[in-house]
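Please look through the sequence and the model shown here, and keep both in view while reading the report.

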Amino acid sequence: MRVGILTGGGDCPGLNAVIRGVVRAGVGLDQEHLGLLRGWKGLLEADVRPLDVANTSGIRHRGGTILGSSRTNPFSLEGGGARAVAAARELGLDALVAIGGEDTLGVANRLHAEFDFPVVGVPKTIDNDLSGTDYTFGFWTAVQIAVDALDRLHTTAESHDRVLVVEVMGRHAGWIALESGLAGGADAVLIPEVPTSVERVCEHITARAERGSLFSLIVVSEGVQLDEVADTGEVDQFGHTLLAKAGVGDQLAARISDALGVEARAVVLGHVQRGGSPIAYDRSLASRFGVQAARMVATGQFGRMAALRGATVVDVPLAEAVGTLKTVPPEAYALAQIFFG
Ligand code: F6P
């Protein structure tokens, strides 16, 4: 079988380990591989490179993706779905492994549902917001990067009696904020799922100061909406607002400074959370997902996605994965709150 592989959407630590896993497992299943460059764009433009064991060796620990990525959405183009299917036929593809998040897998799901396209998905995103899987690969690496930053920021905040507001990624799900805040000892964590007010945050900082802690570390997820944060109006091809440009971290720090007369500064971790090597967990999970995808191709499990359930890699319908965003449940936030302050 000739199997295409593409990586779409924001890059994520572990993409290369998945590619290597698909190829390594696939060759033993009589599969040959074609890498499609820059996500769905590579399929539409037949921009490809052959992949084999030799040219996918030594990449398991490398960040980014050897195939490049983009947020190209075929369905935003006139007749884009049919064009994608025709392009796959031209390339002689018998199957496609799409490694991506909500958007990339949303396209994969539509191609399968509307055109019976033989596609298998692998759940990627630092945001961990895909349903159908307990974790996406790349998430825990992003959390670790945020925790490393929080550990460093802790000592400098304490030395200067400052309030540091740390803005993390995650789009409309607060997973990165929650887990990094929990592991990194944040004094408050603001996530999109649990509305709060600047006044509440200020009360919290004041209570800490009264107890003798004149510094605070506040983690805020980029998707949090403070009342006056302006929508920049800028969207990507999938219609997502470019949240980082709304600058919730800066807004929050400014409002804390104004309200309390303390020195509050914002640190925006941004793309640092997506770059560099995956931690061991993500290398392992990504490799297992890659093997699962190759096996799913071999057994014709199309329209489905490799997924983690507990400690086991299984597969689930793509529709389940992209149907609803997986957000932080109230009980998970309530548990983390025990450690705030
Ligand atoms: O989905 C991953 C992610 O890093 C989000 O957390 C963030 O909102 C978005 O991508 C940023 O995308 P871009 O790099 O295209 O601005």
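## Basis of the model

This is a predicted model, in which local features need pLDDT of at least 70 and side-chain atom pairs count only at pLDDT 80 or more, while totals for chains, interfaces and linings use all residues. Residues are numbered from 1 along each chain as its sequence is written, and side-chain values use heavy atoms, with hydrogens and water left out.

## Nonpolar cores

A nonpolar core is a set of buried Ala, Val, Leu, Ile, Met, Phe, Trp, Tyr and Cys residues joined through side-chain atoms within 4.5 Å, where buried means under 20% relative accessible area, exposed over 50%, and partly exposed in between, with a 1.4 Å probe and protein chains only. The largest such core has 59 residues, of which Ile5, Val97, Ile99, Val122, Phe137, Val168 and Phe289 touch the most other members. Helix H5 (residues 139–160) gives the largest share of this core, 9 residues; helices here are DSSP runs (H or I, at least four residues), numbered from the N terminus. Apart from this core lies another, of 28 residues, among them Leu34, Leu43, Ala98 and Leu318.

In soluble globular proteins, nonpolar side chains tend to be buried together.

## Val143 in helix H5

Val143 has its place in helix H5, and it counts as buried because its relative accessibility is 4%. Not counting residues up to four places away in sequence, Val143 touches Ile176, Glu179 and Ser180, where contact means heavy atoms within 4.5 Å. The C-alpha atoms of Val143 and Arg274 are separated by 10.0 Å, although these residues are 131 apart along the chain.

## Helix H4

The 14 residues of helix H4 (residues 102–115) should span 20 Å at 1.5 Å a residue, which agrees with the 19 Å between its end C-alpha atoms; the expected span is 1.5 Å times one less than the number of residues. The buried residues of H4 are Asp103, Thr104, Leu105, Gly106, Val107, Ala108, Asn109 and Leu111. After H4 comes Asp116, whose phi is positive, near 55°.

## Around the ligand

A polar side-chain atom of Glu222 lies 2.5 Å from an oxygen atom of the ligand, while an N or O atom in the side chain of His271 is 2.7 Å from a ligand oxygen atom. For the side chain of Arg274, the distance from an N or O atom to an oxygen atom of the ligand is 2.9 Å.

How values were computed
Helices (H or I, at least four residues) and strands (E, at least two) are DSSP runs, numbered from the N terminus. A polar contact is a pair of N or O atoms within 3.5 Å; within protein, one must be able to donate a hydrogen and the other to accept it, and residues adjacent in sequence count only if both atoms are side-chain atoms.
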